[in-house]
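Please look through the sequence and the model shown below before reading the report. It is written for a reader who is new to protein structure.

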Amino acid sequence: YEDYGGYEGQEYEGQGYGGDGAGGQKDLAGDIDSQIDKYILNTGTEWTCIECGKCVKNRVHLRNHIEAQHIVTPGFPCDICGFVSKTRPALRGHKDYNHKMKK
C-alpha cells in the first residue's frame, strides 16, 4: 500500500489523529482527496485506478476503492462512540448502521 505522508499514528495539523477541531479534519480530508485524485484516470466511459487497474463506471465507487485500498489514513473516529474507521465512507456506514436515530 502507498504510504500517505506519515500520518499513521502521528498528529496532523496540531490536532489529534482524529482531528479535535474541524480545521484539522477539513485539511486532512482535502489532502486525502488530492491524493486520491492522483490515482484516477478517466477512460471515457469508465474510471480506472492507475495503481491496480480496477475499472468502474461510477467515479465515487472508484474514489472509495482508492481510499480503502491504496491510501493510508490516520483513521476517522466516530464522534458518538469513538470507533475508528479506516475510511470516511466506512465511518458514514458505521454511523448509519449503529447510531441511526429512531423516530
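## Basis of the report

This is a predicted model, in which local features need pLDDT of at least 70, side-chain atom pairs count only at pLDDT 80 or more, and totals for chains, interfaces and linings use all residues. Residues are numbered from 1 along each chain as its sequence is written, and side-chain values use heavy atoms, with hydrogens and water left out.

## The chain as a whole

The protein chain has 3 helices and 5 strands, where helices (H or I, at least four residues) and strands (E, at least two) are DSSP runs numbered from the N terminus. Their order along the sequence is α-β-β-β-α-β-β-α.

Of the 103 residues of the protein chain, 33% count as buried; buried means under 20% relative accessible area, exposed over 50%, and partly exposed in between, with a 1.4 Å probe and protein chains only. The accessible surface comes to about 6,600 Å², as given by the Shrake-Rupley method with a 1.4 Å probe, and carbon and sulfur atoms account for 50% of this surface. Among contacts (heavy atoms within 4.5 Å) between residues at least 6 apart in sequence, 35% join residues at least 24 apart.

Side chains of opposite charge can pair when their charged atoms come close. The structure holds 6 salt bridges, each being a side-chain nitrogen of Lys or Arg within 4 Å of a carboxyl oxygen of Asp or Glu.

One of them joins the side chains of Asp33 and Arg88, at 2.8 Å from N to O. Asp33 lies in helix α1 (residues 22-37) and Arg88 in helix α3 (residues 88-98), so this pair ties together parts that are 55 residues apart in sequence. Asp33 counts as partly exposed because its relative accessibility is 28%, whereas Arg88, at 17%, counts as buried.

## Asp37 and its two partners

Asp37 forms a salt bridge with Arg59, with the closest N and O atoms 3.5 Å apart, and this pair links helix α1 to helix α2 (residues 59-69) across 22 residues. Both side chains belong to partly exposed residues, Asp37 at 39% relative accessibility and Arg59 at 36%.

Asp37 also meets Arg63 in a salt bridge, at 2.5 Å from N to O. Because Asp37 lies in helix α1 and Arg63 in helix α2, the pair ties together parts that are 26 residues apart in sequence. Arg63 is buried, with a relative accessible area of 14%. Through shared partners, salt bridges join Asp33, Asp37, Arg59, Arg63, Glu67 and Arg88 into one network.
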